[in-house]
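Look at the structure below and follow its helices in the order of the text.

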Amino acid sequence: MNRIGVILGSTRPNRKGPQVARWVVDTASQRGDAEYELIDLCDHPLPHLDEPVPPMFGPSAHPHTRAWAERIAAFDGFIIVTPEYNGGVPGVLKNAIDHLFAQWVDKAVGFVSYGAGGGTRAVVQLRTVCGTLGMADVSYSVAISLLSDFENHTIFTPRESHVAALNKTLDQVTAWSTALAPLRTIPVNS
């Protein structure tokens, strides 16, 4: 069975992401088509990219990068839960992605974004980054508004349209993770 990591891409105090990420994991886990696990970047503090060699030429010199690589390598695909900060991806998320290369290659990725405008500009940036890393980004995504989808601007209240969009995203991520599995058996530099 595929293992799908749900990456919570914000470490900001008072962030809304844990509610959204927990909803993704809880909804996904009811499906029975894969194992879903939360990966909170707060649990994986990484300095600004400090590797002396680009990750594609690895191996990593630092224990923190090797631990992050081991954590990510265990998954067949990902759902990235991301806010949009000033029209883009949170720096901590980009930094976590940039620390690795081989661990992302030939894996499917879907996106759940949130922000005043649904976080869609962050997803546009992530599609470019993930594509460059050899990931297969699925076409469906979920966009959540901080203005209308949080009761009193604090409690996430997903609508049926969010559930439907998430299930389409999960359908694609699990299917594509399965389809890409033969490519992941080819050894790559780690």
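A residue counts as buried under 20% relative accessible area, as exposed over 50%, and as partly exposed in between, using a 1.4 Å probe and protein chains only. This is a predicted model, in which local features need pLDDT of at least 70 and side-chain atom pairs count only at pLDDT 80 or more, while totals for chains, interfaces and linings use all residues. Residues are numbered from 1 along each chain as its sequence is written, and side-chain values use heavy atoms, with hydrogens and water left out.

Ser161 has a relative accessible area of 43%, so Ser161 is partly exposed. Ser161 belongs to helix H5; helices (H or I, at least four residues) and strands (E, at least two) are DSSP runs, numbered from the N terminus. The C-alpha atom of Ser161 is separated by 9.0 Å from that of Val142, 19 residues apart along the chain.

H5 (residues 160-184) packs with helix H1 (residues 17-29) at an angle of about 65 degrees, their axes 11 Å apart. Axes are lines fitted to C-alpha atoms, for helices over the stretch in contact, and angles run from 0 to 180 degrees between N-to-C directions. H1 and H5 are therefore roughly perpendicular, a term for angles of 65 to 115 degrees. Trp23, Val24, Thr27 and Ala28 of H1 make the contact with His162, Val163, Leu166 and Leu170 of H5, where contact means heavy atoms within 4.5 Å.

In helix H3 (residues 91-98), Leu93, Asn95, Ala96 and Ile97 are buried. The buried residues of H3 pack against strands E1 (3-8) and E3 (77-83) and against helices H2 (63-73) and H4 (120-132).

Key
Parallel < 35°, antiparallel > 145°, perpendicular 65-115°, else oblique.
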